[in-house]
Amino acid sequence: MPLVLPLARRFPLPVHTTLSSLRAWRSLAHEQRKSVGFVPTMGALHDGHLSLVRRSLQENDLTIVSIFVNPTQFAPHEDLSTYPRTLDSDLQLLSSLFVVPPSQHPQPQPQLQSQPQSQSQPRTVAAVFAPTPEVMYPSGYSSAQGTSTSTGSGTIVDLPSLSQQLEGLSRPHFFRGVSTICTKLFNAVLPHRAYFGQKDIQQALVIRRMCRDLLVQYPEEREVHVVPTARAGDGLALSSRNAYLTPPERALAPHLYQALLAVRDEWTRNPTREVLGVFEGRMQDLGRRAQEEDVSVRLDYVELSWGDTLDPYEGPREGVVPPNLGQGGQGVREREGEQSLEVQGGAPVILSAALWVGKTRLIDNVILGDDRGIVY
Ligand SMILES: Nc1ncnc2c1ncn2[C@@H]1O[C@H](COP(=O)(O)OP(=O)(O)OP(=O)(O)O)[C@@H](O)[C@H]1O
Ligand SMILES: CC(C)(CO)[C@@H](O)C(=O)[O-]
Ligand code: BAL
């Protein structure tokens, strides 16, 4: 556990709003051979974001957080205009975060050394990047929301693989917007490491794949880290959009995670698609509870997917033991001299779901089997 201290910053948190000022900061970090960790966000920060920031503070000399509500990932019927924008309190939260790093941590590149004297000193966020849409989209953009200029349609990044399943089916525009903005943010920040949350697991996997496919160096695919989902005491995954929930909706919202856990439990006995029946049963119970409370709930999707391709899990792959048997070393098949994820029982399986509670769309997931190939 990182040590979090109630300290005061010696200097105000620098907020870069232009590319030139960000790049000057980045050049200095480069000259000083500091490792740079990056946490991209859309603001309205909560403890889930802060868990990503803490992880970056532990692992990097310098941590930079971006706050940008990216228009190209919103569909016309979605909440771009009402998305919570709380820059002042976000900056306050980030300013008050201090973490004492472990004395040893892995460096992304051999030539990057932490300053020995800074290793035991508390680290705090080094900078925030809070650009305008004009900075991020110099040629304008064309999105599901419309175009930003009369001619506007800047370059987009699109990954058909991994983007079309699950969230991509419900939000067809979404991953194009996310992979485009993350490419731009990575090009601007040039981070050694980037941190994403497991709550948005597909997003993190899309970004990893993008870094691989586009030969991105900052960060390399293996330096795109996934941090476990931070939850409220009752299990609800923290999310900026939880602020939209009314009290009776908020009271019902944890049922999503409880249903996922019930399936995960069943999976240890029966690793087949039949476990989805457990989820359906839980949703029927929730439907009855919601009716009593006069709350509308609607399941958008629930799916079991292979952790590498995100294709639906229909059953074990040819020649590979079922994923859950890879846990605890049971049923492990090894090829000679090789100990890959695959021989530990195949890629993990992800159980994910999206549920409408009133006007709020909640997403959540759990990983079935060995999650070490995903959450690291
Ligand atoms: N509960 C959480 N635990 C860990 N990471 C999280 C959590 N919630 C969000 N994140 C991560 O924080 C990063 C920024 O996410 P974002 O700013 O969209 O916040 P959000 O709470 O997911 O918002 P939204 O409600 O719009 O989905 C993403 O990598 C996201 O996965
Ligand atoms: C990664 C991201 C910051 C891109 O806008 C956003 O999708 C988010 O906050 O998860
Ligand atoms: N948390 C991912 C960003 C989005 O849902 O728009």
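User: Into how many nonpolar, polar and charged residues does the shell around ligand 2 divide by class?

Analyst: Classes follow the side chain: Ala, Val, Leu, Ile, Met, Phe, Trp, Tyr, Cys and Pro count as nonpolar, Asp, Glu, Lys and Arg as charged, and the others, Gly among them, as polar. Here the shell around ligand 2 has six nonpolar, four polar and no charged residues. This is a predicted model, in which local features need pLDDT of at least 70, side-chain atom pairs count only at pLDDT 80 or more, and totals for chains, interfaces and linings use all residues. Residues are numbered from 1 along each chain as its sequence is written, chains are lettered from A and ligands numbered from 1 in the order in which they are written, and side-chain values use heavy atoms, with hydrogens and water left out.

User: Which residues surround ligand 2, and which element gives the most to its shell?

Analyst: A residue is near a molecule if one of its heavy atoms lies within 4 Å of it. Among those surrounding ligand 2 are Pro 40, Met 42, Val 178, Phe 196 and Gln 203. The protein buries 89% of the 290 Å² that ligand 2 exposes when taken alone (accessible areas come from the Shrake-Rupley method with a 1.4 Å probe). Helix α6 gives the most to this shell, with three residues (helices are DSSP runs of H or I with at least four residues, strands runs of E with at least two, numbered from the N terminus).

User: What is the order of the strands in the open sheet?

Analyst: Strands of a sheet pair through backbone hydrogen bonds, either parallel or antiparallel. Two strands are taken as paired if DSSP finds at least two bridges between them. In this model, six strands form an open sheet in the order β2-β7-β4-β3-β10-β11, with parallel pairing. The edge strands, each pairing on one side only, are β2 (15-16) and β11 (224-227). Between β3 and β4 (residues 62-67) there are six bridges in the parallel sense, and Phe 38 has Ile 64 in β4 as its bridge partner.
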